[in-house]
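Please look over the model below. My notes follow as numbered points.

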Amino acid sequence: MKMENNFSSASSSHQHEDSEETVVSITKNVDMHHTSNVNKINEYIEKLDMLDNNLDLKITLNQQKEKENFINNIDNINIYIKKHMSFKKKLNEINKSFKKNCNYDAFSKIESVYKTISNINSSYEFIILKIQIEDYINKIEENLKIDNYIDTIPFLKSFLEIRKNIFKYNSLYFLSLNEKKYEQKFSNFLSDEDKTIQNDITDYVNYKRPSIFQNYLDKKKTHEHVQAYTQMYEMNKDKIDLLNRYYNLVKDIIEDEIIELIKKKDIDNVKDKINIYLSLFTTQNEKKVENKTGSIDTTVNNTEEKKNSNERSFEDIENDKQNDNSYYSSNESDKENNKHEKTGNNENGLLREEDESDNDTSYKCNKIENNNEIDDYLIYYDEYLFVCVIIFTLLEIEIDKIIDLLKKKIVSSEDNVYIECIKNCYSCLYKYNLYFEKLVRDNLVYIIYNRKIELIYNKIISVIFRTFCSQVKLCINTFDELKDYDKNIEILSLLCYNFSNIKIYLHDLYNNKFQKLNNIFDIKNYINTNIYSNINGIYKNIPYINIIQDSICSYIDHEILFSRHCINKAFVLTDDIMLSLIDDGNNKTTEPYNQNISAYNDEIYSINSAGNNNEYTSTFLEDSFFIFQKSVCRSINMNDINIICVLINNIMIIISTTLKEYLTDNIKTSKNIYSSFIHDINNLKNFSFKKLLKSIDNNNYTENSKSNKTVQIAQNFVTSLSYISSENNNNEDDKKSNFPYYNSNDISNNSYTTQYGLNNASDNLFTGRSANNTNIDDIYNYLTQDNYNNLYNPLNNNQDNIENQIINSKFSYPHCINNIEACHQYIQKYKIFIHDYFSERFLQSDISQKKKTQNYLLMFNNALTNYDNILNDYEKLNIENCKNLLNILKIHFVSQLVVIENINFDISSEQYSYYQLNDPYIHNLIVKIKLILHHISLYFNQNIYHIIVNMLAEKICKYIERIVMTKKFSLYGCVQIDNDIRNLMLFFTSVTSINIKKQFLKLLEICELLNINDLQDFKDFYDENKNNLSTNEIENIISLRNDIPDDFLKSIKLYMNLKI
């Protein structure tokens, strides 16, 4: 037998070599005599006929040997096939040479030879496939007998490649094979919801599977590649079915092992088994499996490599003939073929001239690989689905471990167990997403996986938020608990931040992946839109979206409530004038009665430079705006523009209502105390905060004849403590505003949240009620007995330890007035601070998206718009307070001001000389004003000081204007009033840097008119058009002179009439 085989091989080789020599000889002859002796073409045609006859004989011999199964040497067969392929290439060159040199189409003669060679190759390929199938069966059975399924994987994998080609050219077999329902062994540990999430995807795959190989149904079966696989299926169907059973057997074994490891929660070994499982039908984990399985039979591997190389060679030729999508050759011979024409003719499709560049070839190879990969995703969908279920089961196991740590309150790296839990869950989701992406890439099961991730994340958020709400206290019973309340709100804000960030991450992942899968599979229209979205393939309505919304609304509610509590605490408990830091001894005021009026600019105490360097404001504003900044910064760090805008608006409401109300309440209380105290000139000259506090009694510690809440507590100090204590015990349950569960209707006991904190609870915060429906007056219920012991009681007889007590600003009118003016500045600084913080922390984090950044900035600026109105309100309030302060202090200078009413300005030269030596009223008036201004400059803010100086100058000027219009003036009287007004103006300009002269303009014009003695002076005055005096006023002022002739007065009137 072996001798016959060798003889056959040698004979075939000899025939083939003769054929090649003949072809070479033909080619050379054509090139040498292409311009003459056309008759020799017939000789070439005869030689081609001889070749055809020789090859026909060879086919007959091969068919006979095939039947006798003589040919067993695959290496020799591969050599023959390569030589045949080279021969076909030379035939192609002959045809081109004929066309180029002789303009003769030799296709009709070459075609029969070409077909003969294809038939030979088809015969050889069938023999190779038959031998390989038998070899695979023997190797697999050997390994299965010793329970070594790992070593069967390479053979099963090679069989799957052959089976795929059989599917390609025998699609009916593929359809019949897939009619058998795949039994999901993992279905036992799947919930009904897990089974539901795969239904529409599975239906789509079942719909698409029959059309995978439909392009091959109409292919001609006259070519060696098609014929080989068709013949293989028809003649060896039983062996192929046997290998299919072996494949299912090994796959079931691996699946069973994985399921058992899942039950044991052995995650690492499950992942190893998954790699082995995937290596059964994919190539991506082949190296890992080889490391685990050791070396496999080298002879078989070499045979397999040659087989794969030859299969690709055959497919290259057939793809060029039939325009298929298949593998290209990787051997040298095929690469050369790719550079030449691919064989064939446009008329009949067998030989076609086609020049392709290397780049085009490379692109086509990639495209073909992708198409093959897509086909594999559909063919092995059930296997990939198993992998999907296993991976999200592993994820569930790890998530359950993290949640168990939460329930046990075990903290490792974070300060808080809830934050650590959500961060670990985030890390776990991210890690498994990358892992799953690496395993399945762009497979349809990714949609199923994403749906399961949604369910898992819903479970995570539900457990964390429910546990947080049930175990964390989000309310206070006393102000001492605000620190813990703040910490818990910080945790809540971090939870909301992480909840939202994970949601954004997952939804971006879903959208991008679904878009990519839809571009590949066009699955958008096959999604079950009753449950899932056709935008990203996941659930339309998932509970965790509402939970996140509820958590955000709860954060906003509690952030606002926390701000309110802090303001209440600052107002009642920590508002302190810091008496221990005030040095009353250095602020004594002495009245310079004996100083000459000409020397007042050189006084030792310069009012303009003195100023209030101590800034007598209480801690109330500093504490309040610290809380405001903290709340807004916390909202900005949550990275949600809607939350930021809601917090800014709500804090704006607090500033414009609650804060303003508290500041004005303090002013009302302190005004009576200060008025009664400063009425005494000695208290003004020797002002002291300690004296002011000691002056408080039942007479001045009232507000509009109605006792203040603080007055009631002060008057009934002992009984108040017992009353508050009992009230706290009775209302302790009512104060709790902690939300027990995560449902939207149970976020708090009084909150009905719609979106981003726009709810009834938020409204209550600004209508005089806190979140537990407590009236604002009840803020005193949050004080403890120790708090009361630290508070200053103005009606307590024992005031020895006054400096160590907390003295509220309501007892100090200067502090209250300064607080209002400082609040205006605090608001401006607060607005600048949050704008800078927003730009730095929020806008910079999203700078890549310019359009979004602009929209965010626009929303933020719109939220800040109303702060300008608040500033205007506080500015008006500050001016009103300055008027009230001036009205309180005017008692000390008004007596000197009214003296002017009794002064006679119809004086002689002797009287004028007397006035120069003995100032009748201006000196004393300035001394009193200086005393008042010095007091204001020492104990009130600088801006208040300048406002009052301006108001004082305005009021005095208007008063003097009114008095002047009632007087009669001589020439000397006119000079005197002019000197007095100028001295007064000089004083005011010396005590302030603002433009105070504008208040004296009208008075100066009056004095100038009174001192006019001729018509030309009047014309010069009138032509200046100063617009401060009307025609009637000018006429009346000039008529005040008792020495003006009637003719002069008439001339003035005439001139004014002419100018009109």
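**Notes on the model**

1. Helix H19 (residues 482-521) has 40 residues, so at 1.5 Å a residue it should span 58 Å; its end C-alpha atoms are 57 Å apart, which agrees. The expected span is 1.5 Å times one less than the number of residues. Helices are DSSP runs of H or I, at least four residues, numbered from the N terminus. Asp-522 follows H19 and has a positive phi, near 55°.

2. On the basis: this is a predicted model, where local features need pLDDT of at least 70, side-chain atom pairs count only at pLDDT 80 or more, and totals for chains, interfaces and linings use all residues. Residues are numbered from 1 along each chain as its sequence is written, and side-chain values use heavy atoms, with hydrogens and water left out.

3. Glu-559 lies in helix H20 (residues 543-574). Glu-559 counts as buried because its relative accessibility is 0% (buried means under 20% relative accessible area, with a 1.4 Å probe and protein chains only). Beyond neighbours within four places in sequence, Glu-559 contacts Ile-489, Ser-631, Arg-634 and Leu-647 (heavy atoms within 4.5 Å).

4. The whole structure holds 48 aromatic pairs (ring centres of Phe, Tyr or the six-membered ring of Trp within 6.5 Å; planes under 30 degrees apart are stacked, over 60 edge-to-face, the rest tilted). Tyr-277 and Phe-386 have ring centres 5.0 Å apart and planes at 50°, so this pair is tilted. Tyr-277 is in helix H11 (residues 267-279) and Phe-386 in helix H16 (residues 381-408), 109 residues apart. Tyr-277 is buried, at 0% relative accessible area. Phe-386 is buried, also at 0%.

How values were computed
Helix = DSSP H or I, 4+ residues; strand = E, 2+ residues; numbered from the N terminus. Buried < 20%, exposed > 50% of the residue type's maximum accessible area, 1.4 Å probe, protein only.
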